[in-house]
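Here is a short briefing to read alongside the structure. Take a look at the model first, and then we can walk through a few of its features together.

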Amino acid sequence: MELKNHFMRQKMMTKVLISLIPLYIFSVWLYGLRVLTLLAVVTLVGVLAEFWVMRLIQGDKVKVTEAALVTCALYTLTLPPTVPYWIAIVGILVALILGKGAFGGFARNIFNPALVGRCFIYISFPVQMTAAWTKTYTSLPGGFLRYGVDALSEATPMILQETQGVLTPLKDLFLGTVGGSIGESSALLILIAAAYLLYTKTASKTIMLWVTLSGLAFSSAFYYLGYSTAPPIFSLLSGGFLFATVFMATDPISAPRDTLSQALYGIIIGFSAIFIRTFSLFTEGIMFAVLIGNSFAPLIERTVREMKAKRAAGGAK
């Protein structure tokens, strides 16, 4: 059995993986080589899980798609740097078996698989997922010659803002020299990745634009109405908002395809993320927001299609 006969290359997914390389290099600098061993474990288990579930569906003609590698890579970047390996394994199994395979495999899943796995372990293991944040390496050679980070607790910018009212300097949020999930902290690198994905026509600019505008509008409204103490720009640069906007919301399978539907989809995600952050105990508003957007995507597309059909029929009379 030749492995290449059971692997499907996908040019779009290759470009997504390329866009993630700077984030992984920077995450190793921040947290050490454990990032790469965690990625290796997650990818190995994820590929085997996808192969197993797709063999049940496709038989001997089973194909593991490159999208599975993207799911593993994105999922790993959303994890805390000290997450136990077994929890990471549970999450990727849920992502690729329940979040994807149960729907029939590639291009049939309703929800973003990486976020399904992340959401499952976030709710199931809240202590390990929300209380295991660490300080980052800040001097040469960073984490490149170290396995992991020191066991020193440090709250994320979102937690500091919500519990103590302390705002992390915007410069640190932009550069990413703050504690948090493995790959979600550097707005600069995420924006560079976004520019690459847009240049190569890999991700939807409409979705990115409307998630950002919606998030900015509602965070501004809640801030100036006194419901939130987080300034709008802080809300956009913290809590994985940009990461999810660029990589998760634009997932071509779970997102709408026509422009108007994508705009409405983006508005729902931006609003949901800020609303959850402002009025609930969860700081992971954007994670739930994208899944909410995924659930509405089919309804949005159908409604927009019916509206356009009625308009066309009315114009033909």
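A residue counts as exposed when its relative accessible area is over 50%, as buried when that value is under 20%, and as partly exposed in between. Keep in mind that this is a predicted model.

**A loop residue with a positive phi**
- Lysine 201 sits in the loop between α9 (187–199) and α10.
- The relative accessibility of lysine 201 is 75%, so this residue counts as exposed.
- Its backbone deserves a glance too: lysine 201 is not a glycine, yet it has a positive phi of about 55°.

**A nonpolar patch on the surface**
- Six names to highlight in your viewer are Leu209, Trp210, Leu213, Leu260, Leu264 and Ile267, which form a nonpolar patch on the surface.
- Together, these residues have about 470 Å² of accessible area.
- Two helices, α10 (205–224) and α13 (259–279), each supply at least two residues of the patch.
- Isoleucine 267, one of the patch residues, lies in helix α13.
- Because its relative accessibility is 31%, isoleucine 267 counts as partly exposed.

**A packed helix pair**
- Two packed helices are described by the angle between their axes and the distance between the axes.
- Helix α4 (residues 85–98) packs with helix α5 (residues 113–124) at an angle of about 135°, and their axes are 7 Å apart.
- α4 and α5 are therefore oblique to each other.
- The crossing that α4 and α5 make is right-handed.

Key: Residues are numbered from 1 along each chain as its sequence is written. This is a predicted model: local features need pLDDT of at least 70, side-chain atom pairs count only at pLDDT 80 or more; totals for chains, interfaces and linings use all residues. Side-chain values use heavy atoms; hydrogens and water are left out. Patches are made of residues with over 30% relative accessible area and no salt bridge: like charges are joined within 9 Å, nonpolar side chains (Val, Leu, Ile, Met, Phe, Trp, Tyr) within 5 Å. Accessible areas come from the Shrake-Rupley method with a 1.4 Å probe; for residues, only the protein chains shown count as cover. A salt bridge is a side-chain nitrogen of Lys or Arg within 4 Å of a carboxyl oxygen of Asp or Glu. Helices (H or I, at least four residues) and strands (E, at least two) are DSSP runs, numbered from the N terminus. Buried means under 20% relative accessible area, exposed over 50%, partly exposed in between (1.4 Å probe, protein chains only). Axes are lines fitted to C-alpha atoms, for helices over the stretch in contact, and angles run from 0 to 180 degrees between N-to-C directions. Angles under 35 degrees count as roughly parallel, over 145 as roughly antiparallel, 65 to 115 as roughly perpendicular and the rest as oblique. A crossing is left-handed if the near helix is turned anticlockwise from the far one by less than a right angle, and right-handed if clockwise.
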